[in-house]
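Work through the exercises below. Try each task before you read its solution.

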Amino acid sequence: MKEGSKATPLNLCPYCTAAFDTFEELKTHVVSVHKTEPLPKPAGWIALTVNGQVHELKVEPEWTLYQVIHDRLGLMGVKMFCDRGACGSCTVIMDGRPILACMSLAIECDGKHIQTAEGIAEAKHPLVESYIKHHTMQCGYCTPGFITTAKALLDRNPDPTVEEVMEALGGNLCRCGTYPQHPKAVLEAAQTLREEGSK
Amino acid sequence: MTAKKLGPYQTLKAEGTYKIGADKPTIAFNRIGKRGVRRYDGYAKASGKALYTRDVLLPGMLYSKVLASPFAHAKILRLDTRQAEAYPGVRTVLRFDDPAIHGRELTGSIAGPTRMAPQSAGWAMLPVKTILGDEAIFEGQMVGVAVCADSEQIAAEALKRVKIEWEQRPILLDQEEALQPEAPILIPGADSNQIIDERELTTKGDVEQGFQEAEQIVEFTARRHAHLWAGAELPCVIANWSGDKLEMWVHEQQPYLSKLILSEQLNIPMNKIQTHSLYQGCSFGERCNPSNWHQNGINVLAVLLARKAGRPVKLVLNRAETFYGESGDVMASHFKVGAKQDGTITAVQMKSVFANYMCTTGVEHLIDNTRISHLRCEGITAHVNKPPAWWCRCEQLPNVFCQTLIFDHVADALGLDPTQVALRNDGCEGHDPSYLSEFKRRHGFPDRDSLRECIEAGRKAIGWEEKWHAPGTRRLPNGRMHGMAFTWSHDWDDTRGTGSAAVMIQNDGSVSIIAQHSDVGVNPWTAYMQIVADELGVPYEDIEINPFDLNVGFALMSPDGSCNLGSNGFVVKKAAQKAKQMLLDLASEKFDRPADALDVKESVVFEKARPENRMPLKEVVKMATPMLNAVGIWTEPPVLAWAWHTHGLWGQALETGRPRMCRQANFIEIEVDTETGEVFVTKVVNVNDVGQAISPETVEGQMYGGTYMGLGRALTEEMVWDPSTGVLLNRNLLDYKYATLLDYPEAECIYLETGLGHGPYGSTGIGENTATMIPGLLGPAVYNAIGQRVDDFPITPHKVLKALGKIKE
């Protein structure tokens, strides 16, 4: 342990007040001595990585992930359709799994990596073009939820069967009845991805 | 020529009033009718970037919640809102006794030939028509108080702190019981629970004579229970005041009409209301204003709350609160039908008792479709303590329900193939109702319809010849009983609607369609752009539309009645033709040739006789600009033309009926598990004559999409009330079950193009038919499978087992 230099501000350990020259040294100390993540966040603060961008924000304990992504981050592709847990329209991909943003408390999602339909589209995932081509939307309200669910499927299973696509999308409701188009669009996107991968 | 002798649509009053007749194309189709045209709204919807009203967030916006009655019939005796008003974060409370809302009724003064008469609107069946009153006549009704707070959570918490003393009143849930003499009267001071409806009796010919001519008489009863829209986007509205100007975001099919009603109810001049209608997450009649009771109610509440709070107010209902309506086909019916041995139906007599609203009487498709000479249809409607009933994709539900069951019962009693009975009675080939035969002659249509083609295509696709059998006679190797059924009707276009739009060629040669239009998912804008592309001679990709703002002045016909395209196709076609004429007039000077010697193709203007004499459209319009304030002396007028079109009037294109030439046929194949009572749909074939498809994928989308809604209505969708309290038990999308991807197979959708439609290029509408036709079809299919009738919809496993005698109640 060294005395802090006058030229740099002190890096004080919040647990034992030990001082360090650099922030990196402080982090190493906290992890090895106090067995915790480098620095605790103030109560109610979470960090979400959404579509590759880190957002640190304060949330109320009762806020859902839907509220945070839709109302705070302004990503409107997360849709509220059934209201709670029945339709899949608010599906986002969290650490590789499709989850319902309306049923997840934001405060429990600290440190998570999240993808929404907007991120999938910005990354030019072939699902978007195949959905357009096959008219896999009518009113379009449920479409982003289908896209995110399908993307999560293709991430873990790049060559799904029709049955596997139907099973994966079986929890997404569409009142307009676009259902027959989804397996066609997803299988075509999978094909495109495989072709791109083999180039 | 005396105008009063002619119907409004046979008089050419102005350029916009169209003589409904065979519309032959004058151009070669490049985009119209072609597959693979990029869907206009596709990227916005797939990428999550499409903005819906529910998504709108304004700075400083407040959130509102309205109290929902916990009782099916009750009056507020005492209302204490003090604790709610004091709750932190609550900004405004609007009580029913506030002078701003007290006594305000939903009616407005919307009567007249082009508007809906109050008695036919969605609130007509409500005995208490106040927007926010002190009396609830169904569980879940908005009543008593609305609060406005910093968040939805705070608003909901505040409502919990409202103290109410209720007086509960007797309830009635069954429409037939409501008409019994001993039933309590639901409306204080009324003689009975019957709702007066001028359509109570429809007759044609003399049914007694028809029964005498008959060789067989068939009698049966049927019931249909309530279902509803359950659209994707929750009902919502945002209101914001700035001085005397009001800005609104509305989730509605008919935003212009909503503006009109709002102005009539709250005395706000229409030109002070700026309305935005963004993408719409479904509608199916629910967000049809003024039809829907809640839609206009929440508009008025949001406007009053925003005025009181001095801030923007958003009012969104939650999913439970959206179960505030029911379908207008809740009916108990008795039928007596006379027929000859060859399948000729000689007389139909029907009597139905409806709950809260009679969408249609049940007989109208028999009038429009068939040559049955003797008809008598009684429809009585009774008040019950259930939500207001209304059009539910679509109002024809009772009509096709009755037609399907009547035809199937007759074919079965006579031992005939139902497709033959349909052809025997169809009003085609010179046997149409008299008005239609005359209409066809006068307007250039051949004297035929397309039922035979539809039936032939459908029979082949489903394998009718090989597979159809007598009821209850085919058990499959998997142990289930096999069933098949068929039904048919005419096309669906309501033959009504008025729209206007402008087509403008910008300085760079790109083209804008200027008009507000609500999109409920039927891909209309792609179709309009296809039409403009072909009529104007520019690439589809060079055309844009920005339909979200009502303040542009032009508004296209709202998406209802399956007559979106029927009206608006003509509007954009005419506007494009006029813009093209302006363009050619402009080019005439530059080419030094008469305008009629020139043409446009792929945005190149050329001389028809010497195509090498050409100029890009962009060069022609370079100096034609609407920017008249720009520096320089520009003398050329902007290339901007607008047009309007009226296509019929509320379903009556002719003095006596609708021009129905296109037909449709629907076939189904099912399996019934006689141990569990479950019905498994294995194949659906929909055949529609659409006259001329503009966007083939869109046509098919309505056909397969509607199948899922139709099957849901037939088998699983039902609003279930607790019989002792009148509380709705399934106010969510887990317990109100509609189809998922896994429930039914993909329908085979075949469309025919005979040019027999009265819409643009011989087309006709297709938005509502399939979802409306399919439900009734399951009755005949289940009968064909098990040999027992279950004409009680939805057809649940319980009812199937009861029909099989396996359970008692």
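Two exercises follow, each with a worked solution.

This is a predicted model: local features need pLDDT of at least 70, side-chain atom pairs count only at pLDDT 80 or more, and totals for chains, interfaces and linings use all residues. Residues are numbered from 1 along each chain as its sequence is written, while chains are lettered from A and ligands numbered from 1 in the order in which they are written.

**Exercise 1.** Describe the side of chain A that touches chain B.

Step 1. Count the residues. 39 residues of chain A are in contact with 47 residues of chain B (contact: C-beta atoms, placed from the backbone, within 7 Å).

Step 2. Find the elements. Helix 3 (117-122), helix 4 (126-133), helix 5 (143-156) and helix 6 (162-169) of chain A each give two or more residues (helices: DSSP runs of H or I, at least four residues; strands: E, at least two; numbered from the N terminus).

**Exercise 2.** In which order do the strands of the 7-stranded open sheet of chain B stand?

Step 1. Read the order. It is 3-5-1-13-10-11-12, with mixed pairing (strands pair if DSSP finds at least two bridges between them).

Step 2. Find the edges. Strand 3 (90-95) and strand 12 (273-276) of chain B each have a single partner strand, so one side of each lacks a neighbour in the sheet.

Step 3. Take one pair. Strand 1 (62-68) and strand 5 (142-149) of chain B run antiparallel, joined by 5 bridges. Here B:Ala68 stands opposite B:Met142.

Conventions
Two residues are in contact if their C-beta atoms, placed from the backbone, lie within 7 Å.
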